[in-house]
Amino acid sequence: MRAVEHFIDGKRISGGTQSISVTDPATGNQVASVAVADSRTVNAAVDSATAAHQHWKRTPPHKRAAVLSEFQQLVTDHADELVSVITEEHGKTLLDSRGELQRGIENIEYAIGIAEHLKGEHSRLVGPDIDSWSEHAPVGVCVGITPFNFPVMVPMWMFPLAVACGNSFILKPSEKVPTAGLLVAELFTKAGLPEGVLNVVQGDQSSSRLLLEHPEVKAVSFVGSTPIAKTIYTAASEGGKRVQALGGAKNHAIVLPDADVESACNAIMGAAYGSCGQRCMALSVVISVGKNTATEITRRLKGKINDLNVGAGTGNPDMGPVNSEIQRERILSLIQSGVDEGADLLVDGREHPMYRQPGYYLGGTLFDNVRPGMAIYDEEIFGPVLCHIRVDTAADALQIVNGNQYGNGSCIFTRDGHSARQFADEVDAGMVGINVPLPVPVANHSFGGWKNSRFGDLAAYGPDGVRFYTRRKTITERWHSPTESSEMNFAFPAARSPTTDP
Ligand code: NAD
């Protein structure tokens, strides 16, 4: 069994006396044990990152980009190894792991363009002989605390760009999927990244807290569940740190009467049950507008869910297992609450033959006649459970979506451009799909929800990522002739004189 260690100053180290077991969700067997960083380990990581930052921030962006380019190549060369470890620790299918890795690589590609992203603004002659420009200075030591559901992609939303901006970075991966983060940090060092610019500290909430409390940590990127995102946002802000904390979700799809129902159902299936519903952009609610739409949607979805191929991720079925027994227990209790609160259980994942097998399997589940106020609607389930709501009008559907506490992704299926445009204008969500079920922005845009799906002003990666990992500095500079006389002026300086200029 492998021991997953920390990665500090370019070396694996085993700091801390405690460890946590890592299981393969497809079998329920332990496959690794991960170290838990104590204060000594966290201090070593921060000291190393602080020292490395001093040199790295002076490294020209083009040189940083060259290291990122080499890193991208190494990640591509090691794709099979990374994909296999993601599937082993997370449970998702190999194909899905490959998709996640590809999205991560696209974030590296965006970071390679750092010289362009960091270009400042210059104004000549803001006053006599005076020029002024703004530049994007690095923040210092940044920390990323990441969730279990994207062991590579979410860390790659953060560290390639943070490092490209001239910061040093400490990654605290989820203790459930710790290996991939360690492997990519090693690849980055192999690509030429100076030791200490990217460190990995393994552990659970105790290790996160030590990082959050460290005075040398200047910025925190968090992705995880909403209650923890809120706590981290508050603690980090009160500690004077810059923070972005992305939380949970309840993503809706509205199907209008004019939609192509078969293609909408196919799109909904992948978005609801892909990765066993464990994506922050997973579709968990479908709202059908009109009786005929509802009848057709439920009939087709029922058939497709019953046909779902569930099994170990290594065999590339439609859906692998849930990540942990605790997670599956939580999903099961929410399914039971749906039954108890009066929703109609059209397909029950507990009846799937894989449910009785070793590992954390559960079949696809579909509830009909769900209403706001039921726990299965109000809470994030984070599993293969889809809620169907019936309404009469598009306005009723929009009202439901906008009344939900979350605002990550929302989509609409329609053939009508005007309805689509109206929906995009009025929906309270950070990411919107028009006939696109998983509207995850590409790397040159930014990712972030609204309402309880994100705390902090700036979204992740893309242009917002550059702003998050840099501080604006504006320099005003005067070089006047040595022969020119100077005089004292006690009025507030302005480009135009309030008394002599028009
Ligand atoms: P989680 O909140 O349990 O854990 C996330 C990270 O926080 C882990 O590294 C964990 O060790 C750490 N952590 C846990 N408790 C902590 C505490 N009290 N203090 C400090 N750190 C703590 O989330 P998870 O179960 O790993 O991931 C699933 C959740 O993440 C879902 O809610 C999902 O919607 C959300 N998510 C959101 C996005 C997004 O972009 N909005 C993306 C992916 C996942």
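Author: What follows describes the ligand and its shell. This is a predicted model, in which local features need pLDDT of at least 70 and side-chain atom pairs count only at pLDDT 80 or more, while totals for chains, interfaces and linings use all residues. Residues are numbered from 1 along each chain as its sequence is written, and side-chain values use heavy atoms, with hydrogens and water left out.

Around the ligand there are 26 residues, each with a heavy atom within 4 Å of it, and those that come nearest are Lys-172, Glu-175, Ser-225, Gly-247 and Glu-380. Among the polar contacts (pairs of N or O atoms within 3.5 Å), a polar side-chain atom of Lys-172 lies 2.7 Å from a ligand oxygen, and a side-chain N or O atom of Ser-225 is likewise 2.7 Å from an oxygen atom of the ligand, whereas Gly-224 places a polar backbone atom 3.3 Å from a ligand oxygen. Taken alone, the ligand exposes 850 Å², of which the protein buries 90%, by the Shrake-Rupley method with a 1.4 Å probe. The shell draws at least three residues from each of domain 1 (2-247 + 453-474) and domain 2 (251-434), bounds that come from an automatic or database domain assignment.

Methods. A polar contact is a pair of N or O atoms within 3.5 Å; within protein, one must be able to donate a hydrogen and the other to accept it, and residues adjacent in sequence count only if both atoms are side-chain atoms.
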